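Hello,

Here is the structure we spoke about. Please look it over; my notes follow below.

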Amino acid sequence: MSSSRKSLPSNTWHPRYWLLHIGFALLRLLSLLPLSIQLWLGRRAGDIAHAVAGSRRRIVDINLQLCFPDWTVEQRVAVRRDYFRNMGASLFETASAWWRSDALFEPIVTFRGEQQLRELIDAGYRIILLTGHFSTLEISGRFLRQVIPEFDAVYRPQRNPYTDTVIRRGRLRSARRLIEKADIRQMLRSLKEGVSVWYAPDQSYRRKYAELIDFFGTPAMTNTATGRLAALSGAKVIPVYCWREGDGPKYTVEFLPPLEVDSTDMEATTRAYIATLESAVQKAPAQYFWIHRKFKGRPEGYPDVYANTSEA
């Protein structure tokens, strides 16, 4: 199902939503501050979250240990702490991405590889933009608009109708349309309309087109639909990643060369994408979304590495 701008559900003024109204209103107000101050506040909020995170700290530790077994304990602890700071910064970046004007974003980003992408678009190619769940994900959508004026974005609907509506409204500041992550047909329709599709298929996936593919040497259930989507649409598959530089607010967005699409091996495109994702993570490991249970849902015979943690 695709999604366009919708009004808030009629029942969201029920008292159970009041705290959400207050929270989003405060976040919108804070988004008016200079972005450098917002990032500082976000990192301090991240320090608090790290102190009280409990089992979620454990999930980060497990993921880092599986992906970087050669690191020392001190290295993993340092990245874990920086991870929470980056997620705190991401909260404020999200507020700016949802509510600030384009003028904020133009001077703070550097693009790499954008000329090749523009040439492909000018030549009439359909484009699948693949990214990953980095803490810069929300703000990177506003950056993409400087290179690609129109694209559709894949998203996961939220259970809370009020939160879902606010998130959709915010993301539609970047995207033309939102497409639910399981709606492959709408992705295909968008591509056939000549509209690029942007999504991040790097999280644990257990539906159709899910296969075990190594992530930093550890098998993870992974969505392999990208190769099929590219083969059916004739689209070019372009990995794109965004990093926060230092304490910011400075960012780099890098468009990589198109991935090879092999119609006889639909998993090959996904494996090539994962290789680019691993390289992107290595450039800024504390900016990746380590709190996700990446290695859950594997077939019988694989250990449940998160057995003593709660869902995140």
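Helix H8 covers residues 184–192, and its buried residues are Gln186, Met187, Leu188, Ser190 and Leu191. Buried means under 20% relative accessible area, with exposed over 50% and partly exposed in between (1.4 Å probe, protein chains only).

A word on the basis: this is a predicted model, where local features need pLDDT of at least 70, side-chain atom pairs count only at pLDDT 80 or more, and totals for chains, interfaces and linings use all residues. Residues are numbered from 1 along each chain as its sequence is written, and side-chain values use heavy atoms, leaving out hydrogens and water.

The overall fold: the protein has 10 helices and 10 strands. These are DSSP runs, numbered from the N terminus (helices H or I, at least four residues; strands E, at least two). The radius of gyration is 19 Å, close to the 20 Å of the globule rule for 312 residues, so the protein is as compact as a globular protein of that length. That radius is taken over C-alpha atoms, and the rule is 2.2 Å times the number of residues to the power 0.38. Of the 312 residues, 51% count as buried.

Contacts (heavy atoms within 4.5 Å): among those between residues at least 6 apart in sequence, 75% join residues at least 24 apart.

Cysteines: the count of disulfides is zero, taking a disulfide as a pair of cysteine sulfur atoms within 2.5 Å. Cys67 is buried at 5% relative accessible area. Cys242 is buried too, at 5% relative accessibility.

Best wishes
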